[in-house]
Every structure is written in C-alpha cells, then in structure tokens.
There are 4 protein chains.
Amino acid sequence: MTTTQARTEPEHAQEADPQAGPAAAEGHHGGHGPHGYSAQKDAHLKRLRRIEGQIRGLQRMVDEDVYCIDVLTQVSASTKALQSFALSLLEEHLRHCVAAAAEEGGTELDAKVAEATAAISRLLRS
Amino acid sequence: MTTTQARTEPEHAQEADPQAGPAAAEGHHGGHGPHGYSAQKDAHLKRLRRIEGQIRGLQRMVDEDVYCIDVLTQVSASTKALQSFALSLLEEHLRHCVAAAAEEGGTELDAKVAEATAAISRLLRS
Amino acid sequence: MTTTQARTEPEHAQEADPQAGPAAAEGHHGGHGPHGYSAQKDAHLKRLRRIEGQIRGLQRMVDEDVYCIDVLTQVSASTKALQSFALSLLEEHLRHCVAAAAEEGGTELDAKVAEATAAISRLLRS
Amino acid sequence: MTTTQARTEPEHAQEADPQAGPAAAEGHHGGHGPHGYSAQKDAHLKRLRRIEGQIRGLQRMVDEDVYCIDVLTQVSASTKALQSFALSLLEEHLRHCVAAAAEEGGTELDAKVAEATAAISRLLRS
C-alpha cells in the first residue's frame, strides 16, 4: 500500500460516517429504521473503498511492469467485486422499492419491474 | 468531483511519469522501444485513474442516497471501463508475449496460449 | 437448414401448441388469464426454438470448417439471445412471483428476493 | 430426458461422423495432421450437440411450466457451456492462426491480434 492510499483512505472514512446518521435514513427506503439503513450504507461504502484500493493496486502493478496476466487476474477480481456490490444494491432495491410498488400495484409495479430489468440487462452486457 | 479527487489525481500523474522512462521499457516487451512502450503505459494509467474516479463517484452517490438504479448504471459503466482496460492489456499481451512464444515455438507457445485462455476465461466469468 | 432440422422443428411446434392452451395457464401465475399467459409461453418457446436453430447453425459452421472468428461471432449472438430470454423470464418472475410475495410480506418476500438475486448472480457469472 | 431427445440425438451423431474424416482435416489449420484436427472437430460437435440438448431441455421446461428460477438456472448452465465452447475455439485459434501470423510477422500479426481481441470483446459483452 502506498502513502497516497494511507492518506486518502482515512479521509473517506471520515467523509462517510457523519452523513450516515439518522438524516441519511430518511432516503427512499421509508419504513426501514435509521439503524438498519445506515448499517447497509456503511457496508456499501466499505465495499467501494475496498474496490477503490484494488484499482489503485492495479495502477501500481502497471507502474511496476507486473506481468500482464497477473494484472488481468486482478482486473477480474475487481470486476467481480463491482458485480457483487451491484447485486447487493439490487437485492436491497427489489426488497424495498419493487416491493413497495407491488403493494401499490398497477402501473407503478410494471414501471419499477421494467426499470430493474433494464438495470440487470446493463449489468449483463457490461 | 470532490477536492479529495482533485488532490490525489495530480499525485498519481507525477507518480507515473518518472518511472515510465527507459528503465521501464526494459520490461518483458523486449524489442519495443521506450517511447512506444511508455506511451502505452501512460494510456493504461490514465484509464485506471479515470476508473478510480468513477469508483469515488460511486461512493459519493451512495453517500448522498442517490437512487439505486442510477448507482447501478454507474456500476455498469465502471465494469465496462475495467473490461476495456483488460482488453487493451490482452491485445498488447497477444501482440508481444504470445507472438514471441510463437517465434520460439513448441511448448512455450502452448503454455502461453493456455495461460492467455485461462485469463480470458476469468474475465468472462467475472 | 438441414433435413434434420426440417424434420425436428415441426415436431417441436406440434409439441408446444396443444399444451399451451387453458390448462397450461393454471400454472404458478395465478390471476393472469389463460390468453395473456399462453401468449407469453408461446413467445418463450419461439425464442428458444430460434436459439436451437442458432446452435444447429453453429454445428454446420464447425462441420464446414468456417473460420473460427466467424464461429465465435455466432456464439456471441447465441449467448446474447439466451440472456435476452433469461431477462424476459426474470421480468415476468419479478412482476408475478416477487410481487405476490410482496403482498404477503414478511419472510416470503425476503426468500423470493434472495432467490431472484441468486439467479441474477448465476447469470452474471455465466 | 424425453423420447424426443432420444430420437433426435442419434441422428445428429450419425450426421457428424461421415464428414469428420480426412477431407475435413484439410481446413485452415494446415500443418496439423488429419487425426488431431478431426478429433478436435468431433469434440466441438459433441459439445454443441450437448448444448442443443440443453436448449431442447429448456423448451420442455417452459412447456411444462417449470418454476422460473429453475429455468433460469438451466439458462445459466447453457450460457456457461456456450462460453466454454467459445474458449476452446479461441484457444485453438490463438495456437494456430495467431501463431502462424506471428511467424509471418508484421501487419498480418497486428490484423490477427486485433481480430481476436474484437471477438473476445464481443464474448465479454454478450
């Protein structure tokens, strides 16, 4: 790990915490109390900071002329980590937003399902 | 773009340049002069810094409670960018390492081709 | 198109039709009338028969020593067609099964969402 | 496995064999004797017939109203099988065509590598 990373990572940690309090919980996930939600948000941010670290690791690998195949292995790991993050977001979205639309029923549900399917399609094509 | 990014990005740019000189060119891409090689290396690092910026953008989106679907769209864009980077690395690898092995022939070529295929398989599964 | 295909395709067509009537509509998509449902089922079967034709096309290509890259292009088209089919199934599943679970609420919804997410994860990894 | 499959699969097996003889071996893989080549060709055709069987299996599942998630699992298996087939074709292509171009050198190699990379890109996006 470089000094750059050591310097930036704590900043991000500080950035994330103050806003992940009760205020943040008033997002679009109504009905799910502040604690559950901010815990999930912290988990998302933690995953993303880890991915950011992987991308910086890739820069070091390229910079130090690491063998291409080893760089590609690390790219695969980062892509997998991004897709895991996407899946956890998607699961949350289905559980909250799509379910809420289902309770309302009608057009709203159709719109939400079409929107989620389009997002899954973009993930599959990427 | 946050101030964090503004602060770190120039550092990375400085980091990359001094090492991309003639010394770096003595890597495994023998026979390809320093300039061609360091240009490619700079292009790789530039791509990766852009991806790092996208990952930081994702952190801000999560932090600001941006709508899940919009976060997922940005995840797809980052995954696509990582795969483009992987493809450019792979192309370079086939052009240099696999081609060099082909000139030697025999077992070396088989080993390099099997190794490249395994790397492509990992990219497809991620 | 080979004679084999000419012989097998009508069989499949006959197979599909008689069962796609009102009886089939009493599946797990309760509350969605026979016609809407059998129309969707026919659309699914039509897509799958087209994909089957693509796979047979691939066999002919290999058999006739078509250039590898052209075979790979056709493989990509077939994979894309399979993923489109998967997305249309998934959309239907979210609209009917997940929505039904949301109306019941509680554990049933969580289980259905976890199950759908796992299926999406398998599609992403394949 | 249904009787339909039992009836069609042997036909395919008969179809493939007579043409996979020495004549077929005079394809674009010059320098690789008839036996090695026709063995590989038979392996490719065998894989594709198995995938064709999976696609027919999917038709039966849809026809019999099998639960969506189980159909999706089978779609993932078929996609994975298609990608394995693509990887084995690609490996062969790199070993023969790209290697042959490397021996010639120059523009031919660049063209072949660019073409292979484009094919890999299509596989990644599908």
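1. Setting aside neighbours within four places in sequence, C:Ser78 contacts C:Gln54, C:Ile55, C:Leu58 and D:Leu82, contact meaning heavy atoms within 4.5 Å. C:Ser78 lies in helix H3 (residues 68–104) of chain C; helices are DSSP runs of H or I with at least four residues, numbered from the N terminus. C:Ser78 counts as buried because its relative accessibility is 0% (buried: under 20% relative accessible area, 1.4 Å probe, protein chains only).

2. This is a predicted model, in which local features need pLDDT of at least 70 and side-chain atom pairs pLDDT 80 or more, while totals for chains, interfaces and linings use all residues. Residues are numbered from 1 along each chain, chains are lettered from A, and side-chain values use heavy atoms, without hydrogens or water.

3. Helix H3 (residues 68–104) of chain B and helix H4 (residues 107–125) of chain D have axes that come within 10 Å and cross at roughly 150°. H3(B) is therefore roughly antiparallel to H4(D) (angles over 145 degrees). Axes are lines fitted to C-alpha atoms over the stretch in contact, with angles from 0 to 180 degrees between N-to-C directions.

4. The contact involves residues of H3(B), among them B:Leu87, B:Leu90 and B:Leu94, and residues of H4(D), including D:Val113, D:Thr117 and D:Ile120. Its residues comprise 9 nonpolar, 4 polar and 5 charged.

5. Of the contact residues of chain B, 100% recur in chain D, the same surface serving both copies.

Methods. Helices (H or I, at least four residues) and strands (E, at least two) are DSSP runs, numbered from the N terminus. Angles under 35 degrees count as roughly parallel, over 145 as roughly antiparallel, 65 to 115 as roughly perpendicular and the rest as oblique. Ala, Val, Leu, Ile, Met, Phe, Trp, Tyr, Cys and Pro count as nonpolar, Asp, Glu, Lys and Arg as charged, and the others, Gly among them, as polar. Buried means under 20% relative accessible area, exposed over 50%, partly exposed in between (1.4 Å probe, protein chains only).
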